Amino acid sequence: MNATPRLPLTLATATLLLATTLYTATTAHADDDPSVPPGTEATAAAPVELDANDPDLKLPEGATLAEPKVLDIKQVVEDQGGEERREDTNADVKFALQAEVLFPRDSAKLGAEAKARIEAIAQEIKTQNATRIRVFGFTDNLGSSAHGDVLSRQRANAVHDILDTELNDPGVTFEVRGYGEDYPIASNASEEGRKKNRRVEVSFPRGES
């Protein structure tokens, strides 16, 4: 009796498993409550370098190269004390304000100077014609995690209230979150790093019409 070739069946099974895995991974990303703030997701590994003149590098029959794409460039401006930081990309603008310049210690009450800084951000939002605003609060790792979660949320709400009043536009929507000690941007091992981690970030799309 002749043996029946099993390779096609094996390949078909592997293809089905791969397709099922890819479909499951794609649908799992549809999450209305992300566990990490946008912009902190892990970036992809650097692509493998290819020799465009390699004779073994061929496109499938009928395929064409994609149009050239301008890579997103990030420009970061930070004042000398690091109290305020602005990040600009081709798509977004983000302000990060240290908590010390906005609030008294362990408080979510804004002072007059803090309100002026937030009002300046509101003017930039108007300049960019942005209608989707994100306000995220963060703390350092001192004290309990639960207290940090509450305080960061209260501070984000306080900044949101000023922005909402200044913009006074029902067409603007906000996403307001408090992340506590999660997602630090500096080491919590020193006071200098902890100051940077105690912050409120305001981000919005650039030039949205």
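Select V135 and V176 to begin: V135 stands opposite V176, a residue of strand β5. The strands that meet here, β4 and β5, are paired in the parallel sense over six bridges; two strands pair if DSSP finds at least two bridges between them. Strands (E, at least two residues) and helices (H or I, at least four) are DSSP runs, numbered from the N terminus. The model is predicted, so local features need pLDDT of at least 70 and side-chain atom pairs count only at pLDDT 80 or more, while totals for chains, interfaces and linings use all residues. Residues are numbered from 1 along each chain as its sequence is written, and side-chain values use heavy atoms, with hydrogens and water left out.

Next, display the whole of β6. Seven of its seven residues are buried, where buried means under 20% relative accessible area, exposed over 50% and partly exposed in between (1.4 Å probe, protein chains only). On one side lie R199, E201, S203 and P205, and on the other V200, V202 and F204. Strand β6 also pairs with β3, in the antiparallel sense over seven bridges; select L97 to find the residue opposite V200.

Return to V202, a residue of strand β6. Is V202 buried or exposed? V202 has a relative accessible area of 2% and is buried. Its contacts (heavy atoms within 4.5 Å) include V93, F95, I121, I125, V159 and L163, not counting residues up to four places away in sequence.

Now colour the core residues. The largest nonpolar core has 26 residues, and those with the most contacts inside it are L102, I125, I133, V159, L163, V202 and F204. Such a core is a set of buried Ala, Val, Leu, Ile, Met, Phe, Trp, Tyr and Cys residues joined through side-chain atoms within 4.5 Å. At least two residues of this core come from each of β3 (92–98), α2, β4, α3 and β6. Which element gives the most to this core? Helix α3 does, with six residues.

Select α3 itself, residues 145–167. This helix of 23 residues reaches 33 Å from its first C-alpha to its last, close to the 33 Å expected at 1.5 Å a residue; the expected span is 1.5 Å times one less than the number of residues. Among its buried residues are G148, L151, S152, V159 and L163. The buried residues of α3 pack against α2 (112–127), β4 (132–138), β5 (173–178) and β6 (199–205). After α3 comes N168, whose phi is positive, near 50°. Together, β4, α3 and β5 make a right-handed β-α-β unit: with the strands pointing away from the viewer, the path from the first strand over the helix to the second runs clockwise.

The last stop is T139, in the loop between β4 and α3. T139 is buried, with a relative accessible area of 6%. The residues it touches include G148, L151 and S152, together with N197 and R198, not counting residues up to four places away in sequence. The side chain of T139 reaches the backbone nitrogen of E181 at 3.3 Å.

Finally, view the whole chain, which has four helices and six strands. Buried residues make up 28% of its 209 residues.

Conventions: A polar contact is a pair of N or O atoms within 3.5 Å; within protein, one must be able to donate a hydrogen and the other to accept it, and residues adjacent in sequence count only if both atoms are side-chain atoms.
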